[in-house]
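Work through the exercises below with the coordinates loaded. Each task is followed by a solution in steps.

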Amino acid sequence: MRERNIAWDQIRPGTQTVWAGETSYLLQGATQVPVVHSVSFGYRDIDEWHRVALGEEQGHIYGRNTNPTVEAFEEKVRTLEGAEAATAFSTGMAAISGILFTLLSPGDRVVSIKDTYGGTNKIFLEFLPRFQIESVLCDTEDHEALEAEISKGCQVVYLETPTNPTLKVVDIERLARAAHRAGAVVVVDNTFATPLNQRPLALGADLVVHSATKFLGGHADALGGVVCGSEELVRAIYHYREINGATLDPMAAYLILRGMKTLHLRIRQQNESALAIAQYLASHPMVETVYYPGLPDHPSHDVARKQMKGYGGVLSFALKGGVDTVRAFLPQLQHVHLAANLGSVETVAGPPRTTSHVECTEEERKAMGIPEGLVRYSTGIEDLEDLLADLKQGLDVLKKRMPAAL
Ligand SMILES: *Cc1c(COP(=O)(O)O)cnc(C)c1O
């Protein structure tokens with residue numbers, strides 16, 4: 001086997017996305033990571049078996065615990081996030097619930113924001129209370145309120161930025177300082193930004209979590225999740241997962257690993273296109289509000305500029321006329337899937353009332369500041385000119401059909 005000597009922290013992200021986790025040949029010199037479908041692994045004798053079981057020798061035992069393909073994926077994300085360790089899950093939600101159920105016990109308190117992903121919000125409001133764990137959800141951009149709740153004492157501060165679907169931004173560095181004064185662990189859902197745009201651990205977070213289903217995989221063909229952080233925290237979360245059983249399938253790990261090789265190219269294009277589309281929509285008479293942290297009039301643009309390299313591929317916009325306008329508008333778009341995912345190579349659009357926040361009632365969405373007429377738009381890697389022309393013709397149809405909305 002060819003030995004390489006790479007100081008990953010001195011290697012740029014574009015090289016990391018291609019090479020990290022894939023520098024050693026797992027199978028007879030094959031340059032690509034094999035999909036190891038084996039459930040168990042064999043040994044020469046019981047002594048070797050014993051050494052592997054004790055962790056004294058490298059190797060695998062049983063697929064619910066570890067797998068070589070899954071390990072390659074973990075290593076790639078670990079490198080990109082600049083973390084000591086990483087562990088994979090079957091989905092993003094499995095990773096998020098794995099973190100929370102590892103870290104929290106009855107009587108504990110978690111401080112978070114109102115705008116977390118819909119499924120995460122359900123864990124806070126429906127499942128944690130059943131275990132006598134208190135969830136305190138603050139207005140997302142109200143940093144004073146967050147600091148006040150954190151200082152009252154808590155075990156976990158759970159953040160997500162930018163948020164889904166209204167692209168609110170929270171100051172990771174500032175809230176991590178407050179959390180550490182209170183002795184709490186800081187978790188950041190980095191799904192929307194990706195490690196190319198934002199590195200929460202460098203900003204003071206203790207754990208980063210991804211729905212790898214979205215930008216990391218990038219092709220909407222595999223579900224997955226991953227958690228990165230210190231050896232100690234990740235070992236505890238891994239232990240919960242190996243027992244709980246929400247293991248990432250090797251085939252899914254392979255698909256996400258393959259998708260990740262182009263992450264830097266995709267994100268570069270998606271950052272650029274989303275910003276241009278946000279600027280275009282902001283000047284359109286049919287559009288009431290555009291939500292994108294890259295726009296200078298976004299309420300937290302300064303924080304976003306400080307902690308992000310690019311503003312990401314997702315934006316939202318509210319059309320004048322509410323849900324009826326959205327119903328008429330979306331089918332006009334030609335280069336768009338009307339679907340529930342995001343972060344894919346194809347552009348995807350949909351209203352949050354049927355996607356990220358379908359589990360919520362209309363009242364709950366209203367309380368979260370999500371207008372019923374909102375469209376979430378996840379920019380793909382198509383040519384920007386085609387996406388702009390597509391949006392323009394869709395909005396032109398609306399102007400003709402629904403002049404009263406203007
Ligand atoms: C999709 C998503 C999740 C959940 O991930 P799954 O892989 O669908 O379980 C969590 N957080 C954010 C921000 C997401 O967009």
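**Exercise 1. The domain interface**

How much area do domain 1 and domain 2 bury between them, and what percentage of it is on carbon and sulfur atoms?

Solution. The model is a predicted one. Start from the domain assignment, which gives domain 1 as 10-260 and domain 2 as 263-398. The C-alpha centres of domain 1 and domain 2 are 26 Å apart. The contact takes 42 residues from domain 1 and 40 residues from domain 2. Putting the two domains together buries about 3200 Å², with 60% of it on carbon and sulfur atoms. On the side of domain 1, Pro165, Asn197 and Phe215 supply 21% of the area buried against domain 2, more than any other three residues.

**Exercise 2. Polar and charged pairs across the interface**

Count the salt bridges and the polar residue pairs between domain 1 and domain 2, then describe the side of domain 1 that touches domain 2.

Solution. Begin with the charged pairs: the rule finds one salt bridge across the interface of domain 1 and domain 2. Next come the polar contacts, where 16 residue pairs are found across this interface, both residues at pLDDT 80 or more. The elements giving two or more residues to the side of domain 1 that touches domain 2 are helices H1 (13-19), H5 (118-127), H7 (172-181), H8 (194-197) and H10 (250-260). By residue class, that side of domain 1 has 18 nonpolar, 16 polar and eight charged residues.

**Exercise 3. Salt bridges and sequence separation**

Solution. Side chains of opposite charge can pair when their charged atoms come close. The structure holds 16 salt bridges. In one of them, the side chains of lysine 261 and glutamate 22 meet at 3.0 Å, N to O. Lysine 261 is in the loop between H10 and helix H11 (263-282), and glutamate 22 is in the loop between H1 and H2, so the pair links parts that are 239 residues apart in sequence. Another salt bridge joins the side chains of lysine 306 and aspartate 171, at 2.9 Å from N to O.

**Exercise 4. The ligand site**

Identify the residues closest to the ligand and list polar distances to its oxygen atoms.

Solution. The ligand is surrounded by 13 residues, of which the closest are Met93, Asp189, Ser211, Thr213 and Lys214. Take the backbone first: an N or O atom of glycine 92 lies 2.9 Å from an oxygen atom of the ligand, and one of methionine 93 lies 2.8 Å from an oxygen atom of the ligand. Then take a side chain: a polar atom of serine 211 lies 2.8 Å from an oxygen atom of the ligand.

**Exercise 5. Backbone geometry and a loop tyrosine**

Solution. Proline 162 sits in the loop between strand E4 (156-160) and H7, and proline 165 lies in the loop between E4 and H7. The bond from threonine 161 to proline 162 is cis, with omega near -10°. The bond from asparagine 164 to proline 165 is cis, with omega near 5°.

Which backbone oxygens does the side chain of tyrosine 43 reach?

Solution. Tyrosine 43 is in the loop between H1 and H2. Its side chain reaches the backbone oxygen of phenylalanine 41 at 3.5 Å and that of histidine 60 at 2.5 Å. The C-alpha atoms of tyrosine 43 and histidine 60 are separated by 9.8 Å.

Notes:
Residues are numbered from 1 along each chain as its sequence is written. This is a predicted model: local features need pLDDT of at least 70, side-chain atom pairs count only at pLDDT 80 or more; totals for chains, interfaces and linings use all residues. Side-chain values use heavy atoms; hydrogens and water are left out. Domain bounds come from an automatic or database domain assignment. Contact means heavy atoms within 4.5 Å. Buried area is the accessible area (1.4 Å probe) that two parts lose on being put together, summed over both. A salt bridge is a side-chain nitrogen of Lys or Arg within 4 Å of a carboxyl oxygen of Asp or Glu. A polar contact is a pair of N or O atoms within 3.5 Å; within protein, one must be able to donate a hydrogen and the other to accept it, and residues adjacent in sequence count only if both atoms are side-chain atoms. Helices (H or I, at least four residues) and strands (E, at least two) are DSSP runs, numbered from the N terminus. Ala, Val, Leu, Ile, Met, Phe, Trp, Tyr, Cys and Pro count as nonpolar, Asp, Glu, Lys and Arg as charged, and the others, Gly among them, as polar. A residue is near a molecule or strand if one of its heavy atoms lies within 4 Å of it.
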